[in-house]
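User: Can you walk me through a few parts of this one? I'd like to start with a helix and then look at a pocket.
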Amino acid sequence: MKHLIPEFEALKTRLPPGLDSILVLPCLRRIQDDRGYIADEDIDGLVEYLGVPRIQIEEVLTFYTMLRRKPLGRWHVQVCRNVSCSMRGAEPLIKHLSNRLGVKPGETTADGRFTLSTVECLGSCGTAPVVMVNERYHELQDAQSLDALLEELK
Amino acid sequence: MTGRKILMNFEVTPDSHTLGAYLGRGGYQTIAKVLREMKPEDVTKEIVASGIQGRGGAAFPAGRKWQVVDPHDGQPHFLIANADEGEPGTFKDRWVLEHSPHTLLESMLVAAYALAARHTFVYIRGEFDQPYTRLAAAVEEAYAAGYFGENILGSGFSCDVYVFRGAGAYVCGEASSLLASIEGSRGYPRNRPPRLTVKGLFQRPTVVNNVETLSNLAWIIAHGAEEYRKVGTPKSPGTRLISISGHIQRPGVYEVEMGYSWAKFLHEDCGGVLHGRKLKALIPGGISSQVLTGHGAKVLTADSVDSLLLDHQALWDVGSSLGSGGMIAIAEGTCMVRLLQVMLRFYHHESCGQCTPCREGMGWAHRIIDRIVSGEGRPEDIDRLLHISKFNDGTTICGLGDAAGYATIAFIEHFRDEFEYLIEHKRSKNDGRLECLPEVANA
Ligand SMILES: Cc1cc2nc3c(=O)[nH]c(=O)nc-3n(C[C@H](O)[C@H](O)[C@H](O)COP(=O)(O)O)c2cc1C
Ligand code: SF4
Ligand code: FES
């Protein structure tokens, strides 16, 4: 994480001075974008850089579902299964993806390309069902459109 | 047409979200006028007079919240725009962030001036992609044009804004949990008092308002409280952004004037129920619409919708609420037991685990509904679900525990026969279906 410190410093210019714990989540997210997950040495680095207790960072890491301690597949395919998406066919879509990729939700394919997950409402219910692949939303999905999408993801 | 417009009053084009387009619509003239001509307390007075109610779920009058903060007490104050938007069925704030981010930013400046808040935040849900990129770009544009930073427009007023991204926790939409999250901790809600307007972020007076609530402010100050009061109904002035999804022909975000007819909205503006089917039930304002009202939000049945007008009071009168404006239409033929299962799984997953009734109760209720759906339910399970729901009510720190209970009670109250049928016959009265397929409609 050390190489990211100049970026973290830049964030401080628009934050109230002296309240560095505000940077806990922004730093963790940035580290994860960089490395793909949060490693032990990142936690050590943040404890030192922000001066917050180690336990606080450990608690944060277990509390927020988007933060992870292990790498995922290259493409993280998350299917929303909340009310509106289920009402527009999310459940058969999850089965379809599971069959096609040969993994259950929560698992990664043997070649490390795909991790399949389910996720709760993504705030895009009007264009359900919604599938999020890495950072991007894909709306109004069906089996065909997802097959085509998977083909493109190498 | 769904009545007069305040927020969706321009044509969406590929660049209508940019600063240039916003300035073309008269943007940032209101904050210029405020800084030139108004005292902080004049702004708050106008907001109080406008009667605008919060759009995040509880419909608390925004002005009354602000009045608690004394802009001249010399301590730091904070303003937060709540853009966590995680309430299932709700995607209206996303419309503002994507299509009119500068409306939010200008309104935040107005609010920050009234509250003497030097530092402001937008807490945006962690997953959002385009709403975040658009908002972040708008923030850069606004800084570059001198609307944020030191000594704004030469007025002596300085204000910063920081877009804070969440990391996937529904409960962080709750205001005190949101503040804990910004402080760099787990998002545990906390008991009031003290109110957040007394001790909020880092123990300083803090106002948390929903994105839509804030976004109305520039208009209110530009046109005056009196003009605002002419829109909507006496008890619920203004408009609401309604996001509608589920079994509806034309899902999406609509701006609807308060007092508008629900039947007209559903059947004309939104094109009616999907595939021409009949409406079975309607979730009026997000699956926890009642979160903070203290009223048991009911899932509305088809007959109760017909005569209803869209405003806060009208919904409270029927024991529900407009909540977060996240409407979900449910067609005939949908299995209500399975639908409740999806909701209870969600609440169980999102319970932060702090309060025993919520943590244990959600797990218990989730296990029971799973059992019923898999055909292993017992007759006493229905009353057990009701018991857990009633026990949760009012015994927990935040509204999440209550909301799950209200939903359960409403589902069982209106559709008890479906629960009984499933337990007795070990299969759903409605094929266990959640989707609404055209073949079934024609059959
Ligand atoms: C579990 C829970 C989740 C909430 N989620 C949101 C949310 O996503 N967005 C929001 O604006 N308010 C949410 N709220 C309501 C906030 O606590 C708060 O009342 C609101 O942001 C205040 O803004 P308003 O007065 O402008 O409505 C939630 C409340 C609870 C109990
Ligand atoms: S009611 Fe549930 S979500 Fe809310 S604070 Fe208690 S345990 Fe957490
Ligand atoms: S239910 Fe899937 S995006 Fe809201």
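User: Which residues of α8(B) are buried?
Analyst: This is a predicted model. In it, the buried residues of α8(B) are Ala175(B), Ser176(B), Ser177(B), Leu178(B), Leu179(B), Ala180(B), Ser181(B) and Ile182(B).

User: What do the buried residues of α8(B) pack against?
Analyst: From chain A there is α2. From chain B there are four strands: β1 (77–83), β2 (117–124), β3 (160–165) and β4 (206–210).

User: And what follows α8(B)?
Analyst: Gly184(B) follows, and its phi is positive, near 90 degrees.

User: OK, pockets. What volume does the second largest pocket have?
Analyst: About 960 Å³. Its lining is made up of 39 residues, and those nearest the centre are Thr65(A), Met66(A), Arg68(A), His76(A) and Gln78(A).

User: Which elements give two or more residues to that lining?
Analyst: In chain A, α2 (24–35), β1 (75–80) and β2 (114–119) do, and in chain B, α15 (336–350) does. The most come from β2(A), which gives 4 residues.

User: How many of the lining residues are nonpolar, polar and charged?
Analyst: The lining has 17 polar, 12 nonpolar and 10 charged residues.

User: Last topic: which domains does chain A have?
Analyst: The domain assignment gives domain 1 as 2–63 and domain 2 as 75–153. Taken over C-alpha atoms, the centres of these two domains of chain A are 30 Å apart.

Notes:
Residues are numbered from 1 along each chain as its sequence is written. Chains are lettered from A and ligands numbered from 1 in the order in which they are written. This is a predicted model: local features need pLDDT of at least 70, side-chain atom pairs count only at pLDDT 80 or more; totals for chains, interfaces and linings use all residues. Side-chain values use heavy atoms; hydrogens and water are left out. On a 1 Å grid over the protein atoms alone, a cavity is a set of points where a 1.4 Å probe fits but cannot get out, and a pocket is an open set with protein on both sides within 12 Å along at least five of seven lines; lining residues have an atom within 4 Å of a point. Grid points are joined across faces, edges and corners, and a volume is the space filled by probe spheres set on the points. Ala, Val, Leu, Ile, Met, Phe, Trp, Tyr, Cys and Pro count as nonpolar, Asp, Glu, Lys and Arg as charged, and the others, Gly among them, as polar. Domain bounds come from an automatic or database domain assignment. Buried means under 20% relative accessible area, exposed over 50%, partly exposed in between (1.4 Å probe, protein chains only). Contact means heavy atoms within 4.5 Å.
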